[in-house]
Amino acid sequence: MNEMSASLRHWNIPVPIAIAATIVGAVILRWVLRRSLDHLIRGLSDNALARRVARARAAHDGDDTAALIAERMAARARTVASLLKSIVTFVLASIALIIVLSLMGIDITPVIASAGVVGVAVGFGAQSLIRDFLTGVFMILEDQYGVGDVIDTGQASGIVEEIGLRVTKLRDDNGVLWYVPHGSIQRVGNRSQGWAVANVEVPVAYTEDLGPIQELCRTTAELLATDGDWDADILDVPAVVSVESMTPDAVLLRVQLRTQPLRQNDVARELRLRLKAALDAGGVSYQQGPRHPQ
């Protein structure tokens with residue numbers, strides 16, 4: 001910086017003009033960098049938005065859900081862009097201030113040396129904060145999950161209530177609010193994206209003929225899928241009916257249906273009720289020995 005001041009004096013450039021040029025240059029550079037950040041964030045956000053809208057439409061959620069997703073992605077992009085712009089402004093303002101002080105003849109060597117020592121100390125102490133921040137930025141840009149999604153981070157699972165730049169807030173099934181630092185997340189399981197599977201296991205006695213029972217289970221599941229109250233939750237048929245395992249008491253049949261995200265539990269509960277009624281009507285025995293022991 002002192003060399004810059006000496007060069008300006010050598011060129012006989014007045015100090016006020018040099019200071020004004022430094023400020024104007026910093027303002028112009030700030031404008032260019034902020035525009036570049038806007039373009040970059042918008043591009044990354046549009047790519048993530050396109051993926052989420054495609055998933056929403058593939059799941060038959062309609063244009064309303066796509067509009068909500070677009071609004072959420074835009075808000076997320078604005079958050080990241082605002083933070084990065086603030087960082088750019090702070091860095092450029094600091095550099096411009098140092099140059100101005102140098103042009104005014106103030107010895108800034110001690111200031112720079114002190115700032116370097118402080119920066120190293122802060123860097124060592126804030127490694128986890130920086131890791132949390134950078135991981136959070138990439139999570140937001142890559143659209144790994146969003147507010148309202150049900151996720152499993154390994155440490156905690158639940159509904160995402162808020163995504164910050166350092167932590168994600170999760171509300172679990174017991175109502176506990178978990179604060180999960182982004183840097184500690186090694187993997188994320190998102191239960192709200194794409195589709196889910198409703199699984200129902202049916203125990204059947206060894207003495208029963210499995211062929212007709214499998215067909216009965218498949219027919220019951222397909223009738224559920226065509227029911228007007230449930231057809232929006234079930235994505236496709238036919239249902240998958242397979243032998244899952246054999247226990248000492250019964251053969252376990254598994255009935256599977258693909259559903260909308262987060263709707264698998266409700267569909268499974270309704271399917272159990274209907275399977276119970278259909279199997280009872282068909283006189284199927286659920287385990288070896290008498291059906292109703294005294």
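This is a predicted model: local features need pLDDT of at least 70, side-chain atom pairs count only at pLDDT 80 or more; totals for chains, interfaces and linings use all residues.

Q: Is V24 buried, exposed or partly exposed, and why?

A: A residue is called buried under 20% relative accessible area and exposed over 50%, with partly exposed in between. V24 has a relative accessible area of 45%, so V24 is partly exposed.

Q: Which residues make the nonpolar surface patch with V24?

A: V24, I28, W31 and V32 make a nonpolar surface patch of about 390 Å².

Q: What does the chain amount to in helices and strands, and what share of the residues is buried?

A: The secondary structure of the protein chain comes to 7 helices and 8 strands. The chain has 294 residues, and 32% of them count as buried. It exposes about 17200 Å², of which carbon and sulfur atoms supply 61%. Among contacts between residues at least 6 apart in sequence, 66% join residues at least 24 apart.

Q: What span should helix α7 have, and how far apart are its end C-alpha atoms?

A: The expected span is 1.5 Å times one less than the number of residues. Helix α7 (residues 264-281) has 18 residues and should therefore span 26 Å; its end C-alpha atoms are 25 Å apart, which agrees.

Q: Which residues of α7 are buried, and how are they placed around the axis?

A: The buried residues of α7 are Q264, V267, A268, E270, L271, L275, A278 and L279. Because they cover an arc of only 165° around the axis, they lie on the same side of α7. The face turned away from this buried side carries the exposed residues L273 and A281.

Q: Against which elements do the buried residues of α7 pack?

A: They pack against β6 (196-204), α6 (210-225), β7 (234-246) and β8 (251-259). Just after α7, G283 takes a positive phi of about 70°.

Q: Which residues of helix α5 are buried?

A: In α5, D132, G136, V137, M139, I140 and L141 are buried. Just after this helix, D143 takes a positive phi of about 55°.

Q: Where does H182 lie, and is H182 buried or exposed?

A: H182 lies in the loop between β4 (177-181) and β5 (189-190). Its relative accessibility is 1%, so H182 counts as buried. Leaving aside neighbours within four places in sequence, H182 is in contact with residues including D132, G136 and M139, each of which is among the buried residues of α5.

Terms used: Residues are numbered from 1 along each chain as its sequence is written. Side-chain values use heavy atoms; hydrogens and water are left out. Patches are made of residues with over 30% relative accessible area and no salt bridge: like charges are joined within 9 Å, nonpolar side chains (Val, Leu, Ile, Met, Phe, Trp, Tyr) within 5 Å. Accessible areas come from the Shrake-Rupley method with a 1.4 Å probe; for residues, only the protein chains shown count as cover. A salt bridge is a side-chain nitrogen of Lys or Arg within 4 Å of a carboxyl oxygen of Asp or Glu. Buried means under 20% relative accessible area, exposed over 50%, partly exposed in between (1.4 Å probe, protein chains only). Helices (H or I, at least four residues) and strands (E, at least two) are DSSP runs, numbered from the N terminus. The arc is that of the directions from the helix axis to the C-beta atoms. Contact means heavy atoms within 4.5 Å.
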